[in-house]
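Hi,

Here is the structure I promised to pass on.

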Amino acid sequence: MPSLFDIPTPPPLAERRRPRRLQDYAGQTHLLGESGVLSRYLAAGRLPSLILWGPPGVGKTTLALLLAEELKRPFTMLSAISAGVKDVREVIERARKQSGTVLFIDEIHRFSKAQQDALLGAVEQGVVTLIGATTENPSFEVIPALLSRCQVYTLEALPADTLRDIVRRALAEDELLRVIPVDVVEDHALLALSGGDARKLLGLLELVVQSTPPDPATGRVRLSDEAVQRTAQRPLARYDKGGEMHYDVISAFIKSIRGSDPNAALYYLAVMLEGGEDIKFIARRLLILSSEDIGNANPNALLLAQSCFQACTVIGLPESDLVLSQTVIYLATSPKSNAAYTAIRAAQAQVRAQGVHPVPVPLRNAPTKLLQELGYGQAYQYSHNGVGNFESQEFMPDALSGTRFYEPGDNAAEIKIRERLREWWQEKYGY
């Protein structure tokens with residue numbers, strides 16, 4: 001009698017259902033629809049180097065495979081977790097002998113600067129067509145030189161209709177599931193717990209179908225919210241990080257901190273953490289808020305928010321929830337000021353409305369003899385030579401003399417700033 005260990009284990013449902021043809025690929029119609037940019041590339045028979053940015057389980061790896069297959073291009077795959085510079089160079093050397101090679105690097109954000117540098121020449125020369133996949137913002141995680149040589153395309157979390165179609169087709173077409181009679185009574189929990197991730201969706205679907213006993217009366221498996229939650233051993237968190245609620249919750253989160261309510265802010269933080277929100281996304285929003293809504297009312301807010309972002313990057317979950325909690329409480333209970341925000345917006349509006357005025361001659365750089373003879377920089381007064389390291393002189397272009405962009409906020413720190421500006425500039429700016 002054969003041992004259970006001798007029975008071959010079939011691959012997971014998500015792998016069995018991986019599309020083999022581009023027409024079977026689910027979602028991302030903004031890229032692959034009739035007028036989608038990737039469809040246009042394929043129609044022209046060409047493929048540039050790409051960075052595919054999107055959440056887990058939305059088809060980045062599969063799309064890379066299918067793009068290479070569609071154009072009959074050689075395909076090589078590396079994982080940034082295990083590959084090093086040596087592996088990259090070996091692939092590039094092989095690609096020099098095999099024209100048109102597509103090099104797919106999964107989780108390219110995990111590549112070090114040295115590893116990314118090793119790709120530059122081959123990508124620029126067209127030795128390889130690079131397709132990188134990342135769940136992190138490429139602007140932060142991919143070096144600028146490599147990013148400038150690639151087109152960045154965003155893949156979106158799969159919508160409910162697409163997920164339902166994936167479930168329907170899996171139950172009807174998969175060689176193992178189609179022999180099990182299943183009635184989909186409810187699918188809210190299945191879709192919500194998947195979070196727009198097709199791989200997670202199919203893994204949970206297979207687990208539920210195989211672990212739920214058939215109804216004694218009908219002999220059919222009833223797929224319900226209760227069955228899904230019982231199998232997943234996880235209560236349903238009504239938060240869709242890829243949908244409308246994602247934007248509603250982050251909006252309420254920011255407004256609660258701006259409104260100095262730490263309790264509400266902590267609630268929305270908990271909703272996002274339980275819903276699987278990207279902690280770097282949360283930390284980046286706190287960084288923005290620390291300048292936009294607190295600014296110089298408490299300059300330490302930006303320092304703490306920056307430390308929070310770095311800690312979340314280094315530590316990850318679950319421990320980063322403590323760092324986020326501390327930062328949220330600090331920012332919510334801090335004095336508030338939007339003066340820095342309104343000041344730069346006013347200055348930008350001025351530039352857009354009137355263009356760029358000439359820089360006053362005393363402030364101009366004078367690197368040549370001719371410019372020195374024209375008086376560039378000559379009337380400039382070195383501020384540190386003045387009493388209290390201040391010299392009263394004109395820094396604004398003539399047309400804007402006396403224009404005030406910065407209005408200090410009504411808080412202890414900026415009241416002191418206003419007093420200092422009034423002492424320095426007297427009546428010039430009306431402080």
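This is a predicted model: local features need pLDDT of at least 70, side-chain atom pairs count only at pLDDT 80 or more; totals for chains, interfaces and linings use all residues.

Residues are numbered from 1 along each chain as its sequence is written, and side-chain values use heavy atoms, with hydrogens and water left out.

The sheet is open and has five parallel strands, in the order S2-S3-S4-S1-S5. Helices (H or I, at least four residues) and strands (E, at least two) are DSSP runs, numbered from the N terminus, and two strands pair if DSSP finds at least two bridges between them. At the edges you'll find S2 (75–79) and S5 (151–154); each has a single partner strand, so one side of each lacks a neighbour in the sheet. On average, neighbouring strands are turned by 20° against each other, direction ignored. Axes here are lines fitted to C-alpha atoms, for helices over the stretch in contact, and angles run from 0 to 180 degrees between N-to-C directions.

Helix H4 (residues 60–70) packs on this sheet and touches S1, S2, S3 and S4; contact means heavy atoms within 4.5 Å. The direction of H4 makes about 175° with that of S3.

Now zoom in on S4 (residues 129–134).

S4 pairs in parallel with S1 (residues 50–53) over four bridges, and Trp53 has Thr134 as its bridge partner. Four bridges also join S4 to S3 (residues 102–106), with Leu103 partnered by Leu130. S3, helix H6 (residues 113–125) and S4 make a right-handed β-α-β unit: with the strands pointing away from you, the path from the first strand over the helix to the second runs clockwise.

Further along, take a look at Ser290 in helix H15 (residues 279–294). Ser290 is buried, with a relative accessible area of 1%. Leaving aside neighbours within four places in sequence, Ser290 is in contact with Gly295, Ala301, Leu302, Ala305 and Leu331.

Cheers

Terms used: Buried means under 20% relative accessible area, exposed over 50%, partly exposed in between (1.4 Å probe, protein chains only).
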